[in-house]
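Reader: I am new to this structure and would like to learn how to read it. Please take me through a few features in turn.

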Amino acid sequence: MKKSFSIFMSLLMILSIIPMSAINSSALSFGDYEYAISTSGAMKAVITRYNGTDENVVVPSYILGFEVVAILDNAFNSNDKIKTVTVQNGILSIGKFAFNNCINLEKVILPDSIQEIGNLAFQGCKKLASINIPSKLDTISAYLFSGCSSIPNIILPETIKTIGNYAFFDCSSLANIAIPKATTRIGDWAFAGCQLLKNMDFSENIQYIGMHIFDECANFTSFNVSRENKEYMSIDGVLFSNDTNELIQYPYGKAGNYTIPNGTHKIAEMAFYNCKGIDSVVIPNTITDIGQSAFRGCIGLKNIIIPESVNSVGNQAFSGCVNLKTASIPSSLKKIPAFAFSECTSLDNIIIPEGITSIESSAFRGCSALLEISVPQSVNAVGESVCVGTK
């Protein structure tokens with residue numbers, strides 16, 4: 001009963017592509033395949049499971065005279081025998097987890113009839129080195145190729161409008177990929193862990209670039225945004241809002257010293273997160289807001305001067321900056337936020353200026369080199385575990 005219900009729910013997900021007035025959810029068999037068919041109207045077949053052990057698999061477009069229109073969720077999940085898959089023309093959709101964790105899968109050939117591929121369909125296919133993206137596809141779904149560490153390059157058709165969260169996460173061999181002009185949205189962490197990517201061009205049509213899309217991309221040094229883009233712009237490879245009011249993302253692999261342009265007002269949440277190669281950052285006195293975790297994990301930073309223009313700093317803003325020795329806190333701040341300097345293990349001296357009224361929980365937690373904190377009379381609230389782990 002549970003298996004039949006699962007098949008039925010999977011079929012519901014493709015009804016927008018394949019209209020079916022009734023479905024026979026009972027598992028039928030044809031060779032190594034289990035399948036189901038519609039019971040009225042245009043009778044179509046959908047593959048629910050492959051049980052074979054062949055290394056080279058051709059997914060048929062017909063089963064016993066019924067046209068096959070979909071490969072459902074989990075159909076080939078965790079099959080460790082398959083090396084190549086050829087999907088024949090006519091199939092319209094591939095479900096979630098369909099080829100997930102097929103650890104020996106090396107090559108996939110997909111027909112242009114494919115209109116939809118579900119989340120995580122090829123996740124964890126570590127040996128997958130060759131796959132074509134069908135020309136009718138408009139979305140690269142979330143986690144689609146996550147963990148496919150052998151793909152060296154991939155060509156996205158001009159029909160792609162959306163690249164989902166974690167779509168190419170940890171594709172560590174991916175060195176070449178071009179974002180189509182039609183693409184308007186790239187999800188969070190989409191290319192994180194793609195260690196060979198060096199730069200990327202973004203057209204005027206991009207409306208959203210997600211957080212951490214190039215995290216742990218050690219060679220990525222430049223965002224290149226079209227001058228016609230109305231949402232973003234790039235200055236020296238750094239991603240800004242189009243009006244330059246906000247510094248949005250600093251390239252993970254860009255090393256050395258950096259001066260934020262005068263006139264910038266905000267450093268976005270996680271803007272420099274985990275940028276291990278940056279040695280120093282000069283913050284201009286036009287900055288008023290430093291976002292949550294903005295410099296978290298910047299292990300190369302040795303000192304930071306927060307100007308008097310800043311009136312807001314987010315939680316964990318400098319957490320994990322293990323080589324940070326000095327930090328200048330402005331009197332313009334009213335509070336030192338939670339975990340602001342936590343685990344800054346080289347921080348040995350901090351002066352809190354008059355005007356600060358609150359030090360939130362764990363603000364200096366784990367600052368093992370910190371001998372003394374000078375607290376002004378203006379402070380009237382101190383959170384829990386502020387100095388846990390200090391000397």
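Reader: What is the order of the four strands in the open sheet?

Author: First, some ground rules. This is a predicted model, in which local features need pLDDT of at least 70 and side-chain atom pairs count only at pLDDT 80 or more, while totals for chains, interfaces and linings use all residues. Residues are numbered from 1 along each chain as its sequence is written, and side-chain values use heavy atoms, with hydrogens and water left out.

Author: Helices (H or I, at least four residues) and strands (E, at least two) are DSSP runs, numbered from the N terminus. Two strands pair if DSSP finds at least two bridges between them. Here the order is β4-β7-β9-β11, with parallel pairing. At the edges are β4 (56-59) and β11 (130-131), each of which pairs on one side only. β9 (residues 107-109) is joined to β11 by two bridges, and Lys107 stands opposite Ser130 in β11.

Reader: How many salt bridges does a search of the whole structure find?

Author: Side chains of opposite charge can pair when their charged atoms come close. A salt bridge is a side-chain nitrogen of Lys or Arg within 4 Å of a carboxyl oxygen of Asp or Glu. The search finds seven. One of them joins Glu67 and Lys44 (2.8 Å, N to O). Glu67 lies in strand β6 (residues 66-71) and Lys44 in strand β3, so this pair ties together parts 23 residues apart in sequence.

Author: Another salt bridge is between Glu55 and Lys83, at 3.9 Å, N to O. Glu55 is in the loop between β3 and β4 and Lys83 in the loop between β6 and β7 (84-87), so the pair ties together parts 28 residues apart in sequence.

Reader: Is Asp215 buried or exposed?

Author: Buried means under 20% relative accessible area, exposed over 50%, and partly exposed in between (1.4 Å probe, protein chains only). Asp215 is buried yet has no salt bridge. Lys and Arg count as positive and Asp and Glu as negative, with His and the chain ends not counted. The nearest side chain of opposite charge is Lys276, 6.4 Å away. Asp215 sits in the loop between β16 (208-209) and β17 (222-225).

Reader: Which residues does Gly52 touch?

Author: Contact means heavy atoms within 4.5 Å. Not counting residues up to four places away in sequence, Gly52 touches Asp32 and Asn79. Gly52 and Asn79 are 27 residues apart in sequence and 8.6 Å apart in space, C-alpha to C-alpha. Gly52 is buried, with a relative accessible area of 7%.
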